[in-house]
Amino acid sequence: MSLIYLIWTAEGANSNVFSMFEQAQIQEFKEAFTIMDQNRDGFIDKNDLRDTFAALGRLNVKQEEIDEMLKEAPGPINFTVFLTMFGEKLKGADPEETILNAFKVFDPEGKGVLRKDYVTQMLTTQADRFSPEEMEQMFTAFPPDVAGNLDYKNLVHVITHGEEKDQE
Amino acid sequence: MGCGTSVATEAQGNMVETAMKAAVLIQQWFRRYMARLEMRRRYTWNIFQSIEYAGEQDQLQLSSFFSFMLDNFTQLNGSGPDLMSQLMDPAADPWLDRETCYNLIPVPESYTGPRLSFPLSVSDTNALLSAFKEQQVLHARYVLQLLYETKKLLKQMPNIVHLSTSYTKEITICGGLRLFFVVVVQNGLPSAETPYVFNGDFVDRGKKSIEVVVLLFAYLLLYPDYMHLNRGNHEDHMMNLRYGFTKEVMQKYKTHSCEILQLFQDVFSLLPIATIVDGKILIVHGGISDQTDLDFLNSIERHKVKSALRFPRRSLEQLDINQSCGQLKRMRSTDGSRPSSSHSHDSAASTSSSSSSSSSSSSSSSSLCSPRTPSCLTPHPCLSSPSISHTISILQVPFLDSLSSIPPPSPPRDEQEWKQIVDILWSDPKTQEGCSPNTFRGGGCYFGPDVTQRLLLQHGLQLLIRSHECKQEGYELCHSGQVITIFSASNYYEEGSNRGAYIKVGRELMPRFYQYQVSRATRKLTLTQSVRAAEGSALKALKEKLFTHRSELMSGFQQHQNNAGTVSVSEWAEVLESVLRLDLPWRTLRPHLARLAPDGRVDYQSCFEDMEPGIPLAQVTPNLAETLFRYRTDIEIIFNIIDKDHSGLISIEEFRHTWHLFSAHLGIDIDNSAIDDLARSIDFNKDGSIDFTEFLEAFRVVHKLDNKDQPLNGMLKYP
């Protein structure tokens, strides 16, 4: 869901996209594209979308939703489009600080925790809204405590540093 | 309305905007994290699958080696017919068709396992169920009797079995079963209320194959109308040699393994090839090809095709293999590239094998693919990539490869029949149209949606259900829903690697899917944890692959390296792909496999850093060591066969003899004295015999980071 969703939040396509990246980077993105392109036909299509949704836990995506998203896309998602849309975004890791500050916007008193309900409201009702399933994914991976508080500092730390560890 | 209010509104507006920006950041960041996790999950899957299929290609080497042995010398040690010639020669042993094969076997008083009485009743199958849950082994006498009765029953069945939903409730369809118990616990034991079709692959892998297949046959005898078995590609004695079933039988039934294996061979080849439900749903294990003809299929004598890996003998003789074999081999090792004959080569095949594909797979596809187009022989490049020096030739071309340069005559009926069955048992669907040789597996075809469409139309069918491929969700649809893959073994590669699924279909012929996942862990793993676990296991297996191909890889790296002894990431990826041919996302995997030098180039030596052999192998040259690592499984199988009394020991003479043959066949240039030294060094107690379990232990790849607390094995053990 997240990968494809990013397409619709990007600016326009840049025809000179290949010059934006080094050869080595392009090779890496090609690999990422191939991984997502499950039926190996050179396009990320409806089936890949649906499978991606399913893989990320969203088994109930309606056909209309998928069609809507595909309609909004500039065209079938081939490698060039893919590269334009999320070459940077796929590899780029926001620094821990940036994300922490984003959370802190909702925690002006700096308590380090946020109420689960508030997080839900904040993420599912505005901007690039989370679906209920996505919200559930976050809370399953990072369960709030018995009082219903989400330790966002820990969440950010684990995701940032957990992945660093996996890269070793 | 006034300055104050508008400032307040503006401030509010700013806050809202800030909040939204913050929310966007968090949402995008978390989604990217989930996406990266999903990518890891997928490439982990790719790793498992490609290694598995690479293994399947290797078994063709083994089968060609057996044929080579059989053709080139009579007996290993001069005594009577041994297991190997029994296995190789499809001539039926009449003794096994008589009841005395089991009647004469005494069952001791002390035996506490199930004592079956035929014809079987529910109490017998229940006894089997409880016995197996308690890890009991069924006595050889009953195994033989069960197989004998199964053989009798199967002989009466046609190649294609027709079922009707009007007499039965919903039919349950499973494929690739390893955990019989899991499915029947959820869905119910086979009975009139719960009829089953088991779509092949009942054995190999895991240590409980005998139990599973005994239960399946027991239920088949008990409920022949409600229990249906299709043959799979693992119901094949050659595959069993490679994938563990033969070994399991030999270990559990030391005295009677010969007869038991022989009867299994007969029974497997008598299993029906296909099942059709209500004349509309075709169920086969692998798939179809553009040559599949159900009427022809129904007419052949299916038991004659004992193994997909034994090419019909007549054709081999026609082509006079033995003589040309040696010469062709030598020619090939010096000829890096040859002009490719025309062949259908689409992207489905090319993702799994580039033009420098493993010649065992390409040769097998030439022999195992459609003889209709003899020019569709895929190219046969040398296994080592052209850039690699030819003094290192660890792998060699199997003898089947020699078929490539000689166009086969128009196929005799034998071969046509064999191909019909092999296509059914081995083929995989692909998205592109057309039908091409399945180079990934070395047998059968890739069939496209047009092939499916044509066959279904031709026979008035509406759906093809098949298994043969492990799917992450346990099932997958393709060809616009006309083909369903159903795979019932969850955690096939690793804990959490995939779900299992089965299908239920009733009179309305709409398949319903049931998924499950077995978890050994008592607490549920988070997605991250299970991805990480599966990924770790896949990477280990991949590193072992690197280790066992070290010489070739190093040679490749050295050709590209600069003065500092590093290579670029692209060069690194190229070498890996050309040697290993696994079609994996190497650049994505690079951080797990190799370190970067400060200038961003790859320090390729770091690929091999954290692995080492089981015991120090001072006497063994690198060539020999790698070969032994790579062929460890095959060598083990051969030892098992030579070791007639199953003592775990073979004589030094036998070891030497076998090894010489093996290396001659592989074309390895190994000094004879190196073998002798090796043999002597392994004979720890100097009594002229080798404990080959210990020998093989030495050639197991050890991961250094795992090994910290384990005591030294191998050399320090005493009998």
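Start with chain B and its contacts: of those with a separation of 6 or more, 76% are accounted for by residues 24 or more positions apart. Keep in mind throughout that this is a predicted model. Chain B has 719 residues, and buried ones make up 60% of them. Now show the surface of chain B. Its accessible area comes to about 28600 Å², with 53% belonging to carbon and sulfur atoms.

**Stop 1: the largest nonpolar core**

In soluble globular proteins, nonpolar side chains tend to be buried together. Select L138(B), F180(B), F198(B), F217(B), L229(B) and I260(B). The largest nonpolar core has 56 residues, and these six touch the most other members. Which helix gives the most to this core? Select residues 209-222 of chain B: this is helix α7, which contributes 12 residues.

Next, centre the view on I260(B). Setting aside neighbours within four places in sequence, I260(B) is in contact with A140(B), V143(B), L144(B), L147(B), V249(B) and Y253(B). Another core, of 36 residues, lies apart from the largest one. To find this other core, select F48(B), L553(B), V567(B) and Y604(B), which are among its members.

**Stop 2: aromatic rings**

Over all chains, the structure holds 14 aromatic pairs. Select Y196(B) and F198(B) and look at their rings. The ring centres are 5.0 Å apart and the planes meet at 10 degrees, so this pair is stacked. A pair counts as stacked when the planes are under 30 degrees apart. Are these two residues buried or exposed? Y196(B) is buried, with a relative accessible area of 0%, and F198(B) is also buried, at 1%.

**Stop 3**

Most residues other than glycine have a negative phi, and most peptide bonds are trans.

- Select F118(B) and P119(B). The peptide bond from F118(B) to P119(B) is cis, with omega near 0 degrees. P119(B) sits in the loop between α3 (100-103) and α4 (122-133).
- Select D201(B). This residue is not a glycine, yet its phi is positive, at about 60 degrees. D201(B) belongs to the loop between β3 (196-198) and α7, and it is buried, with a relative accessible area of 12%.
- Select L509(B). Its phi is near 60 degrees, again a positive value in a residue other than glycine. L509(B) is in the loop between β13 (500-505) and β14 (512-516), and it is buried at 11% relative accessible area.

**Stop 4: G175(B) and its contacts**

Move to G175(B), in the loop between β2 (171-174) and α6 (180-187) of chain B. G175(B) is buried, with a relative accessible area of 1%. What does G175(B) touch, not counting residues up to four places away in sequence? The list is N199(B), G200(B), S467(B), I486(B), F487(B), S488(B) and A489(B).

Now select I503(B) as well and draw a distance between the C-alpha atoms. G175(B) and I503(B) are 328 residues apart in sequence, while their C-alpha atoms are 9.5 Å apart in space.

**Stop 5: a covered helix**

Select residues 586-593 of chain B, which form helix α21. How many of its eight residues are buried? Eight are, and the helix is mostly covered. Among the buried residues of α21(B) are W586(B), R587(B), R590(B) and H592(B).

**Stop 6: chain A**

Switch to chain A, which has nine helices and two strands. From the N terminus on, its elements run α-α-α-α-α-α-β-α-α-β-α. Of its 168 residues, 42% count as buried. Chain A exposes about 8700 Å², and carbon and sulfur atoms supply 50% of that. Among its contacts between residues at least 6 apart in sequence, 63% join residues at least 24 apart.

Select helix α7 of chain A, residues 116-124. Its buried residues are V119(A), M122(A) and L123(A). Turn the view to look down the axis of α7(A): the buried residues fall within an arc of 85 degrees, so they line one face of the helix. An α-helix has 3.6 residues a turn, so residues three or four places apart point the same way.

Finish by selecting K116(A) and F139(A). K116(A) lies over the face of F139(A), at 5.1 Å from the ring centre.

Technical notes. Residues are numbered from 1 along each chain as its sequence is written. Chains are lettered from A and ligands numbered from 1 in the order in which they are written. This is a predicted model: local features need pLDDT of at least 70, side-chain atom pairs count only at pLDDT 80 or more; totals for chains, interfaces and linings use all residues. Side-chain values use heavy atoms; hydrogens and water are left out. Rings of Phe, Tyr and Trp (its six-membered ring) pair if their centres lie within 6.5 Å; planes under 30 degrees apart count as stacked, over 60 as edge-to-face and the rest as tilted. Buried means under 20% relative accessible area, exposed over 50%, partly exposed in between (1.4 Å probe, protein chains only). A charge sits over a ring if NZ of Lys or CZ of Arg is within 6 Å of the ring centre and within 35 degrees of the ring normal. Helices (H or I, at least four residues) and strands (E, at least two) are DSSP runs, numbered from the N terminus. The arc is that of the directions from the helix axis to the C-beta atoms. A nonpolar core is a set of buried Ala, Val, Leu, Ile, Met, Phe, Trp, Tyr and Cys residues joined through side-chain atoms within 4.5 Å. Contact means heavy atoms within 4.5 Å. Accessible areas come from the Shrake-Rupley method with a 1.4 Å probe; for residues, only the protein chains shown count as cover.
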